[in-house]
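Dear colleague,

I am passing on the structure that you will find just below, and after it I have written out what was found. Please keep it open while you read.

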Amino acid sequence: MAESQFVDKAILFAQLVEIVENQETGFLTILTNTKRSVLLRFSQGKLTRLHSRSNQASDAIHILIECTQVKYTYASAPEDDEAEVMPASSFLQLIDPRHSDVIPFDAGLRASRAKQAIADPVKLQLVEIATEYVGVVGEMIVDEAFEVKGEIGEIIEYICAAIPDENQAQAFREAAFEHFTSFKL
């Protein structure tokens, strides 16, 4: 589908849901009303590539969160054997225009996490995973890990090293790498 005029982001979101549900394979090129572009690659409904100018997944997600209107083109393509960048359901949840103001966490942490959702969706996902294993201290550990400014794999390992219980650290590692499947243990 090619859109010659900007349309509401909800129309793009519906297209994305259809691609995932129908397990389609192809490229989706997006231009936002904020003059930013994003390229998404799907293989059998799985998100295998996510590009923006910086080639950081978090930047591409942020671009899609902040825009209100888009132009986009979807083209079928051959399947690829790349691993998922992140689960398509998580990606859709992050950019869903119906839930842009809803952060599914404890009320006490809602304000700080709402800022993170806008600033860095990848960080928000890691906070969610870390909180499952070490409670509210997980947010502080993730903040500290991001100050190191390494690649996502290095950040995950930094968080693991900060978790005192070896079993919890290993469980966090497995959950984090499963969520960000393009990175290997």
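Leaving aside residues up to four places away in sequence, Phe91 touches Leu16, Leu40, Leu47, Leu50, Ile61, Leu64 and Met86, where contact means heavy atoms within 4.5 Å. This is a predicted model, in which local features need pLDDT of at least 70 and side-chain atom pairs count only at pLDDT 80 or more, while totals for chains, interfaces and linings use all residues. Residues are numbered from 1 along each chain as its sequence is written, and side-chain values use heavy atoms, with hydrogens and water left out.

Phe91 also belongs to the largest nonpolar core, of 27 residues, and is, with Leu16, Leu28, Ile30, Leu40 and Leu50, among those that touch the most other members. Such a core is a set of buried Ala, Val, Leu, Ile, Met, Phe, Trp, Tyr and Cys residues joined through side-chain atoms within 4.5 Å, and buried means under 20% relative accessible area, with a 1.4 Å probe and protein chains only. Apart from this core lies another, of 21 residues, among them Phe146, Ala169, Phe172 and Ala176.

Turning to helix 3 (residues 88-95), 6 of its 8 residues are buried, so this helix is largely enclosed by the rest of the structure; helices here are DSSP runs of H or I with at least four residues, and strands are runs of E with at least two, numbered from the N terminus. The buried residues are Ala88, Ser90, Phe91, Leu92, Leu94 and Ile95, and what covers them includes helix 1 (9-21), strand 3 (37-43), helix 5 and helix 8.

With kind regards

How values were computed: Buried means under 20% relative accessible area, exposed over 50%, partly exposed in between (1.4 Å probe, protein chains only).
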